[in-house]
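Please have the sequence and the 3D view open while reading.

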Amino acid sequence: MSPKEFVLYVEGLTVSFDGFKAIDDLNLYVDKDELRVIIGPNGAGKTTLLDLICGKTKASAGSIRFKDEELTKKLEHEIVRAGVGRKFQTPSIYENLSVFQNLEVSFPRGRSVFGALAFKRTPEVLERVRTVAEEIGLADKLETEAGLLSHGEKQWLEIGMLLMQEPELLMLDEPIAGMSARERELTAELLKRICRKRSMIVIEHDMDFVAQIASKVTVMHQGKILAEGTMDAVQNDPRVIDVYLGH
Ligand code: ADP
Ligand code: MG
């Protein structure tokens, strides 16, 4: 396939920390509107891979193409503007602002001259806040102070803040960590809903959760791709079983 058919096209990606290759000649291809799950033992390089894609860490070698753009040469904010959103493990919401305000301040500014100058509650912003609040299941909590939300709701709010930017690729690192069983279920539904309009990469190790959301699973080990396929296929792959039993 040619690069144009994938939203994300990673080839030969390598990063060394003091000679240790955390990512080692890795290839990864993600389709438009695909929800890809990445699993793998601790230290496999999953978080580092997201760090490289979002520009937080610079690659030692290789390329990361997102649509027609080479990301390895871009700065973090340029990568966000290109349409890549990334959620870290700890939520970074404004605890003393309302849900509404948290979403509002995440609306991308500066797309027009007026946008750069004014912070206005335009109909466009209001409309987007409402749409996103629906998507993340917080439409009836718009006036609630974010600090009062449950742990799960805070995670959804942060996903909503990323959705305000309308990313074409959204990356989430262990989104259900610390959530209750009910919150996990709702998160699975949420992710399936929001991936209809964009590509997503989700790092997760809870296999029940993975089974609920995944179409294709990539297994990482020692900075490389160990296996790729359906949940069933990778779970029955002897190489994958070996790696997990070894830990
Ligand atoms: P995972 O998310 O799969 O658990 P990580 O990507 O966090 O794994 O880490 C992969 C390996 O890279 C680990 O051995 C980790 O210690 C190492 N590592 C990650 N970031 C750095 C860094 N900035 N400096 C040195 N080593 C790092
Ligand atoms: Mg990690």
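Two strands count as paired if DSSP finds at least two bridges between them. By that rule β4 (residues 61–66) and β5 pair, because 2 bridges join them and the pairing rule asks for at least two. The two strands run antiparallel. The model is a predicted one.

**The four-stranded sheet**

β4 and β5 belong to an open sheet of 4 strands, ordered β2-β1-β4-β5. Its pairing is antiparallel. β2 and β5 (69–70) are the edge strands, and each of them pairs on one side only. Further in, strand β1 (residues 8–17) is joined to β4 by 5 bridges, and these two also run antiparallel.

What lies between β4 and β5? The two strands form a hairpin with 2 residues between them. One turn residue, K67, has a positive phi of about 50°.

The table lists some of them.

| Residue | Bridge partner | Strand of the partner |
|---|---|---|
| F66 | E69 | β5 |
| R65 | E70 | β5 |
| V10 | I64 | β4 |
| L35 | M200 | β8 |

In a regular strand, side chains alternate between the two faces of the sheet.

**The six-stranded sheet**

A second open sheet has 6 strands, in the order β6-β7-β8-β3-β9-β10. Here the pairing is mixed. The edges are β6 (84–87) and β10 (224–229), and each pairs on one side only. On average, neighbouring strands of this sheet are turned by 20° against each other, with direction ignored.

Strand β3 (residues 35–39) and strand β8 (residues 199–203) run parallel, joined by 4 bridges. L35 has M200 of β8 as its bridge partner. Helix α6 (residues 151–163) packs on the sheet and touches β6 and β7 (169–173). The direction of α6 makes about 165° with that of β6.

Another helix, α10 (residues 238–245), lies across β3, β9 (216–221) and β10. It runs at about 125° to β10.

**The ligand site**

Which residues surround ligand 1? They are F17, F20, A22, P41, N42, G43, A44, G45, K46, T47 and T48. By class, this shell divides into 5 nonpolar, 5 polar and 1 charged.

A polar backbone atom of G43 is 2.8 Å from an oxygen atom of ligand 1. T47 brings a polar side-chain atom to 2.9 Å from an oxygen atom of the ligand. For T48, a polar side-chain atom lies 2.5 Å from a ligand oxygen atom. These pairs count as polar contacts because the cut-off for N or O atoms is 3.5 Å.

How much of ligand 1 does the protein bury? Taken alone, the ligand exposes 560 Å², and the protein buries 58% of that.

Two elements give two or more residues to the shell: β2 (20–30) and α1 (46–53). α1 gives the most, with 3 residues.

Conventions. Residues are numbered from 1 along each chain as its sequence is written. Chains are lettered from A and ligands numbered from 1 in the order in which they are written. This is a predicted model: local features need pLDDT of at least 70, side-chain atom pairs count only at pLDDT 80 or more; totals for chains, interfaces and linings use all residues. Side-chain values use heavy atoms; hydrogens and water are left out. A residue is near a molecule or strand if one of its heavy atoms lies within 4 Å of it. A polar contact is a pair of N or O atoms within 3.5 Å; within protein, one must be able to donate a hydrogen and the other to accept it, and residues adjacent in sequence count only if both atoms are side-chain atoms. Accessible areas come from the Shrake-Rupley method with a 1.4 Å probe; for residues, only the protein chains shown count as cover. Ala, Val, Leu, Ile, Met, Phe, Trp, Tyr, Cys and Pro count as nonpolar, Asp, Glu, Lys and Arg as charged, and the others, Gly among them, as polar. Axes are lines fitted to C-alpha atoms, for helices over the stretch in contact, and angles run from 0 to 180 degrees between N-to-C directions. Contact means heavy atoms within 4.5 Å.
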